[in-house]
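Please look through the sequence and the structure before reading on.

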Amino acid sequence: MLTKDEIIATMSAQGLRITDQRKTLATLFSENEGYLSPKDVYEYMGKKYRGLSFDTVYRNLRVMQELGVLEQVSFEDGMKFKVSCNEHHHHHHMICLSCQKTLPISFCPMQMTDTTDQFQIVEHKFEIFGYCKDCQQKNEFHESHSDREFSQTSSHTHSHGGY
């Protein structure tokens, strides 16, 4: 994960003016391991900066993504952003749908794709969504625990006699 200072240094090296708002964005993403929606970021920033527009927040997210300090992922509930990992080579991710833990995939499946001279690839993304080992174990515990509760409560019968 990039640090706040690395994010700021990258933005500065690309000629961006480092405003207080951009420092706050760098801090927010460097301290948050999960994914944030533009709305999450807007609500966070709005508490500190009155009158800040959603367009300004979204524009800064896009600029930070284009500079490579943020990664953008499309989830079922919309686009979200996360600070880029420190992997300095091309890679893809496996993302846990429960805790959003992100693990790198060290090879690129594009190498297995046949591309013809009729198509020029300019960009690609490859993400795998599922459940990490920890979340699988938590889920198995909750399922087995609720199964036991169900079997205990459903095995109780009450006789009220006199019918």
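Helices (H or I, at least four residues) and strands (E, at least two) are DSSP runs, numbered from the N terminus. Q100 lies in the loop between β3 and β4. The model is a predicted one, in which local features need pLDDT of at least 70 and side-chain atom pairs count only at pLDDT 80 or more, while totals for chains, interfaces and linings use all residues. Residues are numbered from 1 along each chain as its sequence is written, and side-chain values use heavy atoms, with hydrogens and water left out.

**The sheet and its hairpin**

Two strands pair if DSSP finds at least two bridges between them. An open sheet is formed by 3 strands in the order β4-β3-β5, with mixed pairing. Its edge strands, β4 (102–105) and β5 (127–130), each pair on one side only. From one strand to the next, the twist averages 20°; the axes here are lines fitted to C-alpha atoms, for helices over the stretch in contact, and angles run from 0 to 180 degrees between N-to-C directions.

Strand β3 (residues 92–96) pairs with β4 in the antiparallel sense over 4 bridges. H92 has I105 in β4 as its bridge partner, and H93 stands opposite P104 in β4. The hairpin of β3 and β4 has 5 residues between the strands, and Q100 takes a positive phi near 70° there. This is a positive value in a residue other than glycine.

Buried means under 20% relative accessible area, exposed over 50%, and partly exposed in between (1.4 Å probe, protein chains only). Q100 counts as buried because its relative accessibility is 19%. F75, found in strand β1 (residues 70–75), is also buried, with a relative accessible area of 11%. The C-alpha atoms of F75 and L97 are separated by 9.1 Å, and the two residues are 22 residues apart along the chain.

**The nonpolar core**

A nonpolar core is a set of buried Ala, Val, Leu, Ile, Met, Phe, Trp, Tyr and Cys residues joined through side-chain atoms within 4.5 Å. The largest one has 20 residues, and those with the most contacts inside it are I7, F29, V41, M45, L61, M64 and L70. Two or more residues come from each of α1 (4–13), α2 (20–30), α3 (38–48), α4 (54–66) and β2 (78–83). The largest share, 4 residues, is that of α2.

On a 1 Å grid over the protein atoms alone, a cavity is a set of points where a 1.4 Å probe fits but cannot get out, and a pocket is an open set with protein on both sides within 12 Å along at least five of seven lines; lining residues have an atom within 4 Å of a point. Grid points are joined across faces, edges and corners, and a volume is the space filled by probe spheres set on the points. The structure holds 1 cavity of 30 Å³ or more.

| Space | Volume |
|---|---|
| Largest cavity | about 40 Å³ |
| Second largest pocket | about 200 Å³ |

The largest cavity is lined by Q21, L25, M45, L52, T56, V57 and N60. Helix α4 gives the most to this lining, with 3 residues. Of the 12 residues lining the second largest pocket, M1, E33, K82, K101 and T102 lie nearest its centre.
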